[in-house]
Amino acid sequence: MNRTLRRALPAVAAVLLALLAGCGASASTAQSGAGGSDPDTLVFSAVPGEQTTRIQQRYAPVLDMLSKVTGKKIEFHQATNYAAVIEAQLAGQVQIAEYGPLSYVLAKEQGADITAVGASIDHKGEAPGYHSYGITKAGSPITSIKDYAGKKVCYVDPDSTSGFLYPSAELLRNGINPMTGVQPIFAGGHDASALEVLSGRCDAGFADDSMVDTVLPQSGQLKPGQLTILWRSDIIPGSPVAISNSLSPQLKTELTDAFQNKANIDYLKANGFCGQDCAFGASGTWGYAPVNDAFYNPIRQVCAITKNKNCTTGS
């Protein structure tokens, strides 16, 4: 499993940027605005909530829909870590990005000129939000967050909201430093974190609720009762899609409408982008609900409470 620490992230981000640069000038150098032109190719990148090669296949219905709506070629690039998405959008190599809540806040803080247009939801009509779980293997002597002290603890990524930020706050509330009070391991994905706990390589860990409740059980990698949920976080604002403000107003309007009204199971089925078993996104998303930047102020508040170095520019 990937156990990348934060100090290694810039190098990996640089690799992604180099790969994205190979998409050609049309995907990254064409500027928009009142007198400019939009790129012929739009690059869509997503944070790696799950370590799988099937992510692009899962996004295919949405990519096809976006291509039809905009008349543009849509290229999907799955990032190897959260920081890579931020760096790529800062560099203008990515026009559409699906972030975690914290990585979106970090991107804005670091100067990304982006607009959040929608947050993923699992079911039609629900508010965008989810939970972080604190987990152990069934039968473990660890029965509470206090018992995490000194143990091998799996996190997801330093820039993960439910896989590090909210867990850090909970550990601090229990008198445990999230980096020095445990033996930290960054697994790289929510699936990897949960599976490391299941295998016993981590004594305990954290992952988002959909990975533990839905994704891993549906894939057959996790059976009911194999993991014990010790802690559920408060509701976390849902993961946003953000688009680059360098795009023309018309294209931004088309993308905004597409995510808020067409990137959902009902529309995709009705318009032939996928069949009756249609599902997309890393966790089987139904679609997206409209959001704005202020929706992510709770993330900023948790950053202020934890004084988490990963919440600050240049950390």
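1. Two rings of Phe, Tyr or Trp (its six-membered ring) count as a pair if their centres lie within 6.5 Å, and the pair is stacked with planes under 30 degrees apart, edge-to-face over 60 and tilted for the rest. By that rule the structure holds 15 aromatic pairs.

2. This is a predicted model, in which local features need pLDDT of at least 70 and side-chain atom pairs count only at pLDDT 80 or more, while totals for chains, interfaces and linings use all residues. Residues are numbered from 1 along each chain as its sequence is written, and side-chain values use heavy atoms, with hydrogens and water left out.

3. The ring centres of F206 and W231 are 5.9 Å apart and their planes stand at 85°, so this pair is edge-to-face. Because F206 lies in strand 9 (residues 204-208) and W231 in strand 10 (residues 227-232), the pair ties together parts that are 25 residues apart in sequence; strands here are DSSP runs of E with at least two residues, and helices are runs of H or I with at least four, numbered from the N terminus. Both F206 and W231 are buried, where buried means under 20% relative accessible area, exposed over 50% and partly exposed in between (1.4 Å probe, protein chains only).

4. F206 and W231 also belong to one aromatic cluster with Y148, Y155, F164 and F186.

5. Y267 and F273 form a stacked pair, 6.5 Å centre to centre with 15° between the planes. Y267 is partly exposed, at a relative accessible area of 26%, whereas F273 is buried, at 16%.

6. In helix 5 (residues 101-109), P101, L102, Y104, V105 and K108 meet I299, R300 and C303 of helix 11, contact meaning heavy atoms within 4.5 Å.
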